[in-house]
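Subject: Handover of a structure and findings

Dear colleague,

Please find the structure below, followed by an account of what was found in it.

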Amino acid sequence: MTALAKIVHTTPEVEAEPDLTDGFHLVIDALKLNGIETIYGVPGIPITDLGRMAQAEGMRVISFRHEQHAGNAAAIAGFLTQKPGICLTVSAPGFLNGLTALANATTNCFPMILISGSSEREIVDLQQGDYEEMDQLAIAKPLCKAAFRVLHAADIGIGVARAIRAACSGRPGGVYLDLPAKLFAQVMDAEAGRQSLVKVIDPAPAQRPAPEAIARALDVLKSAKRPLIVLGKGAAYAQADEAIRALVETSGIPYVPMSMAKGLLPDTHPLSAGAARSTALKDSDVVLLIGARLNWLLSHGKGKSWGEPGSTKFIQIDIEPREMDSNVEIVAPVVGDIASCVQALLDGMGKGWQQPPSDWIETLKTKREANIAKMAPKLMSNASPMTFHAALGALRTIVKERPDAILVNEGANTLDLARGIIDMYQPRKRLDVGTWGIMGIGMGFAVAAAVETGKPVLCVEGDSAFGFSGMEVETICRYGLPVCIVVFNNNGIYRGTDTDPTGRDPATTVFVPDSRYDRMMEAFGGVGYHVTTPDELTRAVNEAMNSGRPALVNAVIDPAAGSESGNIGSLNPQSGIKKKK
Ligand code: ADP
Ligand code: TPW
Ligand code: MG
């Protein structure tokens, strides 16, 4: 059903007026026509009624406490569904709050559309000081893939269509759509309005790779003695799960998953080299990148994570041609969508494909088993307070028993150690801080993961990380979402043991010691748990996840256990000035 509004009431004496529609209803109709059923946002002038009307028209409108979290929800909804997630905000400050999420979505190649109300062009452009005045379009432009403004109700259909296509096609990303307040109230004939809407046909068309590119890639792969596949979150996004599994298994090439590609094949797969990552990167001679960029997370494809310069050849599958050679030479660029490219490689391998030399497979298997064995006793520790490893050992078992649950993860030690310790078994079940290592995605991702998939969500949060979006526990309670948050409470950022050398203030990295985050959840009617041992943690999380109700487990972690910046301490600049002894 469309949302035609009878704006003008007819009376018996007056000739019947034509049916009318307005900007509000056209925005809703345009979204619904394109299969978009959910909006994440924060209400206020001029979009309060848009949210109300969208709800009345049957859309799901999830209201947050802060736009950044609504934006993060929209972004991860985009990642999970391949449809742009919608974030709706008010003008200037609400827009700016949402902008961080839009920029982060663009950086991570997640399709989303930030729709912000704005104040009147006439006043903004003359800088006459309107309510929440800001040139939002100009500010958004450098931070997203595309930015559009609609001034006439008759253009809403095409504006929404452009935004959807820009977000989803090619490399996905964030799009900004500026809707000035006056637009919402503009009235037009309902039939003309209906005609003006555009249903985007095939928003992300298949982009088939050139046959020469596939032949070149296969030649390079065939020449490899120690080949490796790196799966990135682009591969997870592409939803080409069966083809990717077939490529790995047919080729017999070991693979390393990037963080959000974990579970594309189960981490326990015999060809997974995740637990032998360092050896796999360093010793491989040919690397096939599938939806993974050679950015800082892969040491830019050079340096000490990799073999001698020139000893590793890269083949790269990516939909974005300009990604090729961005850091090092790509000897076989394969430009196209992952589903098509992977299928073309598989077809080209045919029956006569030679599996990689067995000594390479054995090397990685031995390394992987050694690393797993080395880790095992740490995961069993019963020390109190808990170490990160012991607490994560407990959660690892829970995730193994609940493979369809979605894991949201942020923090420093809490992130890096969870990524290594918690095995994933299904695609798109691990959502985390992504390309920027951004703190604050936790609750927004959790809300959207629950709303979009209906699956239970387990959030594993550093106490600092949680604080960035913690107020959204109210949102989680309000919508009664099946989200269990575990706060790894080590009293601070990285550690809880630092002190101010002058003795005046708390150190910059510490929080109120022994805080009870569980009580935040109780404040809004959810269930709080306070746990100090792995057994208590296991019991609490199982109880919470069985109940399907919002819960927060305050897990006490040894404040001395963490390391500075988790695994990336080496990125910290060091002062050139020697400390006086
Ligand atoms: P990770 O952080 O997991 O290494 P990145 O975000 O760096 O992953 O890389 C994801 C890459 O995937 C981007 O370069 C993006 O262009 C690409 N990508 C996203 N979707 C597709 C797709 N459907 N087909 C091909 N490439 C894609
Ligand atoms: C938006 C810098 C990286 S990790 C982190 C901060 C503040 C928090 C680490 O403490 P936490 O984890 O979560 O308690 P743990 O287990 O090590 O104690 N602002 C933004 N993003 C980032 N990445 C930072 C600051 C940072
Ligand atoms: Mg901490």
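Asp 241 touches Leu 264, Pro 427 and Arg 428, leaving out residues up to four places away in sequence. The model in which these contacts occur is a predicted one. With one of these partners, Arg 428, Asp 241 also forms a side-chain polar contact of 2.7 Å. Asp 241 belongs to helix 12. Its relative accessible area is 17%, so Asp 241 counts as buried, the limit being under 20%.

Helix 12 as a whole

Helix 12 covers residues 241-251, and its buried residues are Asp 241, Ala 243, Ile 244, Leu 247, Val 248 and Ser 251. Which elements cover these buried residues of helix 12? Among them are strand 9 (227-231), helix 11 (233-237), strand 10 (255-257), strand 11 (286-290) and helix 14 (338-349). Just after helix 12 comes Gly 252, with a positive phi of about 70°.

Glu 249 is a further residue of helix 12. In its case the relative accessibility is 36%, and Glu 249 is therefore classed as partly exposed. Beyond its neighbours within four places in sequence, Glu 249 is in contact with His 269, Leu 271 and Gln 355. Leu 271 lies 22 residues from Glu 249 along the chain, and 7.9 Å separates their C-alpha atoms.

Cavities

Rolling a probe the size of a water molecule over the atoms shows where empty space is left. The search of the whole structure finds 2 cavities of 30 Å³ or more.

The largest cavity holds about 70 Å³ of space. Its lining consists of Pro 254, Pro 270, Leu 271, Ser 272, Ala 273, Ile 361, Leu 364, Lys 365 and Arg 368. By class, these are 6 nonpolar, 1 polar and 2 charged residues.

Is Ser 272 buried or exposed? Ser 272 counts as buried because its relative accessibility is 5%, where the limit is under 20%. A polar atom of the Ser 272 side chain lies 3.2 Å from the backbone nitrogen of Gly 274.

Pro 456, Val 457, Pro 482, Val 483, Cys 484, Ala 544, Met 545, Gly 548 and Arg 549 line it. Strand 17 (483-489) and helix 22 (534-547) are the elements that give two or more residues to this lining. The classes represented are 7 nonpolar, 1 polar and 1 charged.

Ligands

Ligand 1 is surrounded by 19 residues, of which the closest are Arg 171, Lys 233, Arg 293, Asp 318 and Ile 338. An oxygen atom of ligand 1 lies 2.5 Å from an N or O atom in the side chain of Asp 318. A nitrogen atom of ligand 1 is 2.9 Å from a backbone N or O atom of Ile 338. Gly 291 has a polar backbone atom 3.3 Å from an oxygen atom of ligand 1.

Around ligand 2 there are 17 residues, the closest being Asn 413, Thr 414, Gly 437, Asp 463 and Ala 465. A polar backbone atom of Asn 413 is 2.8 Å from an oxygen atom of ligand 2. Polar backbone atoms also lie by nitrogen of ligand 2, at 2.8 Å for Gly 437 and at 3.2 Å for Met 439.

Backbone geometry

Where are the cis peptide bonds described here? One joins Ile 45 and Pro 46, with omega about 5°; Pro 46 lies in the loop between strand 2 (38-41) and helix 2 (48-56). Another runs from Ser 384 to Pro 385, with omega near -5°, and Pro 385 is in the loop between helix 15 (358-380) and helix 16 (388-401).

Gln 127, although not a glycine, has a positive phi of about 50°. Gln 127 is in the loop between helix 5 (121-125) and helix 6 (136-140) and is exposed, with a relative accessible area of 66%. Asp 325, likewise a residue other than glycine, has a positive phi near 60°. Asp 325 is placed in the loop between strand 12 (313-318) and strand 13 (332-335), and at 46% relative accessibility it counts as partly exposed.

Yours sincerely

Notes. Residues numbered from 1 in each chain as written. Chains lettered and ligands numbered in written order. Predicted model: local features only at pLDDT ≥ 70, side-chain atom pairs only at ≥ 80, totals over all residues. Heavy atoms only, no water. 1 Å grid on protein atoms, 1.4 Å probe; cavity = no way out; pocket = protein on both sides within 12 Å on 5 of 7 lines; lining within 4 Å. Points joined across faces, edges and corners; volume = space filled by probe spheres on them. Nonpolar A, V, L, I, M, F, W, Y, C, P; charged D, E, K, R; others polar. Helix = DSSP H or I, 4+ residues; strand = E, 2+ residues; numbered from the N terminus. Buried < 20%, exposed > 50% of the residue type's maximum accessible area, 1.4 Å probe, protein only. Contact = heavy atoms within 4.5 Å. Near = heavy atom within 4 Å. Polar contact = N/O pair within 3.5 Å; in protein donor to acceptor, adjacent residues only side chain to side chain.
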